[in-house]
Amino acid sequence: MALLPILEFPDPRLRNVAKPVEQVDDRIRQIVDDMFETMYEAPGIGLAATQVNVHEQIIVIDTSEDKDEPLVFINPKIEILDETLFDYEEGCLSVPGFYEEVTRPQHVRVTALNREGNSFTLEPEGLLAVCIQHEVDHLKGKLFVDYVSNIKRQRIRKKLEKQHRADA
Ligand code: QAP
Ligand code: CO
């Protein structure tokens with residue numbers, strides 16, 4: 001197991017589009033395990049491989065209170081099940097310290113491969129539905145700050161750039 005460094009906005013590598021996983025093998029399971037360790041340590045409720053500079057379609061999520069319901073989504077596909085929208089104040093481990101309201105469909109169907117490479121389907125609502133959509137966006141190079149106004153996104157970018165200069 002290993003903790004992986006998390007890329008932070010506006011790192012251009014967060015804009016890469018992830019490739020599908022061709023075979024769920026031990027190499028992929030190692031990435032999954034390292035992603036869980038990194039997410040739980042942060043702590044966070046979701047992490048996409050893009051955020052740890054791995055450009056393959058892998059997501060880990062655990063929205064449970066007791067952090068004992070790990071979910072793995074490899075090559076996820078999302079369908080919107082109902083047009084009802086849901087507002088949620090989202091954050092992101094790649095945009096630390098910033099939270100903004102984002103509006104998304106509240107009920108989706110997700111089909112993906114699990115850690116064993118077997119296909120499964122979930123139809124989540126509420127926070128899990130939001131989290132899956134947020135993480136699938138990462139695999140496409142999209143961030144939650146892309147849904148807020150240019151002025152807000154620019155303000156966040158400037159503050160993080162300043163922070164990164166201070167850290168260096
Ligand atoms: C994505 O985000 C998400 O700013 C997962 O300083 C978030 O785990 C989906 C985190 C909300 C839906 C709703 C953020 C940790 C964790 C921070 C996270 C921070 C420390 C974010
Ligand atoms: Co995120």
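**Close-up views of a predicted model**

**View 1. Lys-67 sits in a loop.** Lys-67 lies in the loop between strand E2 (58–61) and strand E3. Its phi is near 55°, a positive value in a residue other than glycine. Strands (E, at least two residues) and helices (H or I, at least four) are DSSP runs, numbered from the N terminus. The model is predicted: local features need pLDDT of at least 70, side-chain atom pairs pLDDT 80 or more, while totals for chains, interfaces and linings use all residues. Residues are numbered from 1 along each chain, chains are lettered from A and ligands numbered from 1, both as written, and side-chain values use heavy atoms, without hydrogens or water.

View 2. Pro-10 belongs to the segment before helix H1 (26–41). Pro-43 is placed in the loop between H1 and strand E1 (46–48).

View 3. A polar contact here is a pair of N or O atoms within 3.5 Å. A polar backbone atom of Ile-45 is 2.8 Å from an oxygen atom of ligand 1. Gly-97 also uses its backbone: an N or O atom there lies 2.8 Å from a ligand 1 oxygen. Tyr-99 uses its side chain, where an N or O atom is 2.9 Å from an oxygen of ligand 1. On its own, ligand 1 has 500 Å² of accessible area (Shrake-Rupley method, 1.4 Å probe), and the protein covers 84% of that.

**View 4. Cys-92, His-134 and His-138 hold the cobalt ion (ligand 2) as its protein donors.** Donors are N, O and S atoms within 2.8 Å of the metal (3.2 Å for Na, K and Ca). The donor atoms are SG of Cys-92, NE2 of His-134 and NE2 of His-138, lying 2.1 to 2.2 Å from the ion. Along the chain, the donors follow the spacing C-x41-H-x3-H. Cys-92 lies in the loop between E3 and strand E4 (100–113) and His-134 in helix H2, so the pair ties together parts that are 42 residues apart in sequence.

Technical notes. A polar contact is a pair of N or O atoms within 3.5 Å; within protein, one must be able to donate a hydrogen and the other to accept it, and residues adjacent in sequence count only if both atoms are side-chain atoms.
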